[in-house]
Amino acid sequence: MSTGTASEPSSAARLRLRRRLLEWYDANRRDLPWRRTRDPYAIWISEIMLQQTRVETVIPYYERFLLRFPDIESLANADLEDVYGAWTGLGYYSRARNLRSAAQTVVAEHGGQLPADAVTLQSLSGIGRYTAGALASIAFDRNEPVVDGNVIRVLARRFGIRDETTNKLVVDRLWRLAGKLVRGPRPGDLNQALMELGATICTPRTPACGVCPLRRSCQAARAGDAEALPVKAKKTKPLRIEAVAGWIERRGKVVVVRRPHGGLLGGMWELPGGTIEGGVKPEDALRRHLAATLGLSLRRVESAGSVEHVFTHRRLRLHVFRCGKPDGRVRRADLLDHRWLSPSELSQLPHGGPTRKALALLGKASGEPHRRRVRRSLAELQS
Ligand code: SF4
């Protein structure tokens, strides 16, 4: 495999590329709330929210989050449940947990100021190479590159990189290229220009080459095969997992359990259950999990159907059951916590995608919670 077939830009070509990108960005940049501030904290919040969520979805969450936690100290001092409450609906809750943890580190070790250099930034929870580059360049004007899916697409097409962009050597080369491009004035804008171009013009399908500022020098546009780039490794099939969850009611209250911190959906609340192993019937698997984790035995169990949820490398099928009043008193094992809650209290808790879908299947989803109700429910839970 070669990683050096496409030419690297000469110094003059690099300057031309920078100029075209910045001129295009100045004329076409979207007006987004985090682009109206120079506050590193606000920019950090936006970068974390944007990691796995679309721009349009992030905007209202970003604005509400900053009202609730206007600075690093308020986030560092916040109760984790309160941070989860502000995150409810955004998903990937480990981001919220890492944010608060990083804020505590910044207060304890950096005098409450977000560090400006990319290496120190990467020592904070939830900040990887991409986010460190984005923060260092956008908030602190450092010549640090960013490489995300949009940047990979633009660079692979512009420079005619036809090797698999998941290959480590190719990834290294893309970072080097981005590092060369970013050197100069306005590094944050240059990075945002590359990302914006990938998001709006150089899109995965039908890129708008006719209005692209790079069209005259773009190798993929010249070869007429832009849509074939970047070349990605063939996807491995996601691992299929089957699991069960039960809606178990006693005297108008439903039992919910909390997953251990760390790992997939760490710290989230969900209906009790677990994975199905070794061809066991779903209903039997539910009975076994309930006995093993909560010490409860079920009498009536009735299928409500199933839901599917796709994680990065896993596809989960969750069989959902309505259960009658259980026998026994709760004896908890391997679970962080459990609660008996009214259905409305339950729907206000932070839970992951599979549980949201299971509640919708059961007709128990309540949409986005009213914030005062959320806070009250969470406060009650902690008391
Ligand atoms: S010319 Fe087309 S393929 Fe090349 S960078 Fe622009 S939009 Fe992408």
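This dialogue explains how to read several features of a predicted protein model.

Biologist: What kind of model is this, and how are the residues numbered?

Modeller: The model is predicted: local features need pLDDT of at least 70, side-chain atom pairs count only at pLDDT 80 or more, and totals for chains, interfaces and linings use all residues. Residues are numbered from 1 along each chain as its sequence is written.

Biologist: How many helices and strands are there in the protein?

Modeller: Helices (H or I, at least four residues) and strands (E, at least two) are DSSP runs, numbered from the N terminus. The protein has 16 helices and seven strands. Along the principal axes, its C-alpha atoms fill a box of roughly 75 × 45 × 30 Å.

Biologist: What share of the residues in the protein is buried?

Modeller: A residue is buried if 20 or more other C-beta atoms lie within 10 Å of its own, exposed if 12 or fewer, and partly exposed in between, with C-beta atoms placed from the backbone. Of the 383 residues in the protein, 38% are buried.

Biologist: Is Ala-86 buried or exposed?

Modeller: Ala-86, found in helix H5 (residues 80-87), is buried, because 22 other C-beta atoms lie within 10 Å. For its surroundings, the term is contact: two residues are in contact if their C-beta atoms, placed from the backbone, lie within 7 Å. Leaving aside neighbours within four places in sequence, Ala-86 is in contact with Arg-64, Phe-65 and Arg-68. By contrast, Ala-12 is 74 residues from Ala-86 in sequence and 48 Å from it in space, C-alpha to C-alpha.

Biologist: How should I read helix H8, and which of its residues are buried?

Modeller: Begin with its length. The expected span of a helix is 1.5 Å times one less than its number of residues. H8 (residues 129-140) has twelve residues and should therefore span 16 Å, which agrees with the 16 Å between its end C-alpha atoms. Nine of the twelve residues are buried, so H8 is largely enclosed by the rest of the structure. The buried residues are Thr-131, Ala-132, Gly-133, Ala-134, Leu-135, Ala-136, Ser-137, Ile-138 and Ala-139. Their cover includes helix H2 (40-50), helix H7 (118-121), helix H10 (168-182) and H11.

Biologist: At what angle do the axes of H8 and H11 cross?

Modeller: Axes are lines fitted to C-alpha atoms, for helices over the stretch in contact, and angles run from 0 to 180 degrees between N-to-C directions. Angles under 35 degrees count as roughly parallel, over 145 as roughly antiparallel, 65 to 115 as roughly perpendicular and the rest as oblique. The axes of H8 and H11 cross at roughly 130° and come within 6 Å. H8 is therefore oblique to H11. Ala-134, Ser-137 and Ile-138 in H8 meet Pro-187, Gly-188, Asn-191 and Gln-192 in H11.

Biologist: How does helix H1 pack with H11?

Modeller: H1 (residues 11-28) and H11 (residues 187-200) pack at an angle of about 75°, with their axes 9 Å apart. The two helices are therefore roughly perpendicular to each other. On the H1 side are Arg-18, Leu-21, Leu-22, Trp-24 and Tyr-25, while H11 brings Asp-189, Leu-190, Gln-192, Ala-193, Leu-194, Glu-196 and Leu-197.

Biologist: Where does the backbone have a positive phi or a cis peptide bond?

Modeller: Most residues other than glycine have a negative phi, and most peptide bonds are trans. Asp-141 has a positive phi, near 55°, and is found in the loop between H8 and H9. With 15 C-beta neighbours inside 10 Å, Asp-141 counts as partly exposed. Arg-251 also is not a glycine and has a positive phi, of about 45°. Arg-251 lies in the loop between E1 and strand E2 (253-258), and counts as exposed because it has 6 C-beta neighbours inside 10 Å. A cis peptide bond, with omega about 0°, joins Leu-229 and Pro-230. Pro-230 is in the loop between H12 and strand E1 (239-250).

Biologist: Which residues come nearest to the ligand?

Modeller: A residue is near a molecule if its C-beta atom, placed from the backbone, lies within 6 Å of it. Of the 14 residues around the ligand, Cys-202, Cys-209, Cys-212, Cys-218 and Ala-226 come nearest. Helix H9 (149-158) and helix H12 (219-223) are the elements that give two or more residues to this shell, and H9 gives the most, with three residues.
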